[in-house]
Amino acid sequence: MSTLVPRAPRRLRRRPAAWLLAAALACAAVAVAMYLINPLGTASADFGARLWGRTTLDMPSAAMEPTLAQGYELVVDAGAFRRGLPRTDDLLVYLGPDGPRVGRVVALPGQEVALRLGEVFVDGERQPAPAGVDVETGPGPGRDLPETRVPQGHVFVLVDNRDLGGDSRESGPVPAARWVGRVVAVRR
């Protein structure tokens, strides 16, 4: 006695390669759409930052030494600020005029920040220097800044190697539209 095996309908008998190609094209279309939509709102054009919320960046300069040396690989959480504002002492990656920059958040929206002989004051209170950072006090370029109120939607960032500059002392508070993410890990 022979057993009859039901045949699949014609529409399901297509070649597996066609289904695989269709699935790959659908995934690619979704990835491109998500990249363009930018659901995390990151300022970066980096594919990983826009889709997965994580990206890596080589430390672009010596501005954060001794905390971060030039050439260190930074892991950046691009979705960090969708869940809330940066916090004081966060290492913020943001887009500067010449590309990505890294700076330490020292003042938040609505706070008053000032530099007097290299010392940082927020709302009139002297702030301790970050651990391991030797802040030179005394007169010099970039060591004095009159009281400045940080506007809503902005943060004030300083680099740890203050002699190199390239932070809010020159370009002003950093708007949220230029924030890329928070440094969450460092690989040497």
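## A patch on the surface

Which residues make a nonpolar surface patch of about 280 Å²? Val30, Met34 and Ile37 do. Before going further, please keep in mind that this is a predicted model.

Val30 has a relative accessible area of 52%, so it counts as exposed, the cut-off being over 50%.

## The loop between strand 1 and strand 2

Let us move on to the loop that runs between strand 1 (54-58) and strand 2 (73-77), where Pro66 is found. The peptide bond that joins Glu65 and Pro66 is cis, with omega at about 10 degrees.

What is Ala62 in contact with, once its neighbours within four places in sequence are left aside? The partners are Gln70, Asn161 and Leu164. For Asn161, the C-alpha atom is separated from that of Ala62 by 7.4 Å, while the two residues are 99 residues apart along the chain.

## Positive phi away from glycine

Asp89 is not a glycine, yet its phi is positive, at about 80 degrees. Asp89 sits in the loop between strand 2 and strand 3 (91-96), and its relative accessibility of 47% makes it partly exposed.

Leu117 also has a positive phi without being a glycine, here about 50 degrees. Its place is the loop between strand 5 (112-116) and strand 6 (119-122). Is Leu117 buried or partly exposed? With a relative accessibility of 42%, Leu117 counts as partly exposed.

## Aromatic rings

How many aromatic pairs does a search of the whole structure find? The search finds one. The pair is formed by Phe81 and Trp179, whose ring centres are 5.4 Å apart; the planes meet at 70 degrees, so the arrangement is edge-to-face. This pair links distant parts of the chain, as Phe81 lies in the loop between strand 2 and strand 3 and Trp179 in strand 11 (residues 179-187), 98 residues apart.

Both partners are buried: Phe81 has a relative accessible area of 16%, and Trp179 has a relative accessibility of 7%. The cut-off that matters here is under 20%.

Another ring has a charged neighbour: Arg116 lies over the face of Phe121, at 4.3 Å from the ring centre.

Conventions:
Residues are numbered from 1 along each chain as its sequence is written. This is a predicted model: local features need pLDDT of at least 70, side-chain atom pairs count only at pLDDT 80 or more; totals for chains, interfaces and linings use all residues. Side-chain values use heavy atoms; hydrogens and water are left out. Helices (H or I, at least four residues) and strands (E, at least two) are DSSP runs, numbered from the N terminus. Buried means under 20% relative accessible area, exposed over 50%, partly exposed in between (1.4 Å probe, protein chains only). Patches are made of residues with over 30% relative accessible area and no salt bridge: like charges are joined within 9 Å, nonpolar side chains (Val, Leu, Ile, Met, Phe, Trp, Tyr) within 5 Å. Accessible areas come from the Shrake-Rupley method with a 1.4 Å probe; for residues, only the protein chains shown count as cover. A salt bridge is a side-chain nitrogen of Lys or Arg within 4 Å of a carboxyl oxygen of Asp or Glu. Contact means heavy atoms within 4.5 Å. Rings of Phe, Tyr and Trp (its six-membered ring) pair if their centres lie within 6.5 Å; planes under 30 degrees apart count as stacked, over 60 as edge-to-face and the rest as tilted. A charge sits over a ring if NZ of Lys or CZ of Arg is within 6 Å of the ring centre and within 35 degrees of the ring normal.
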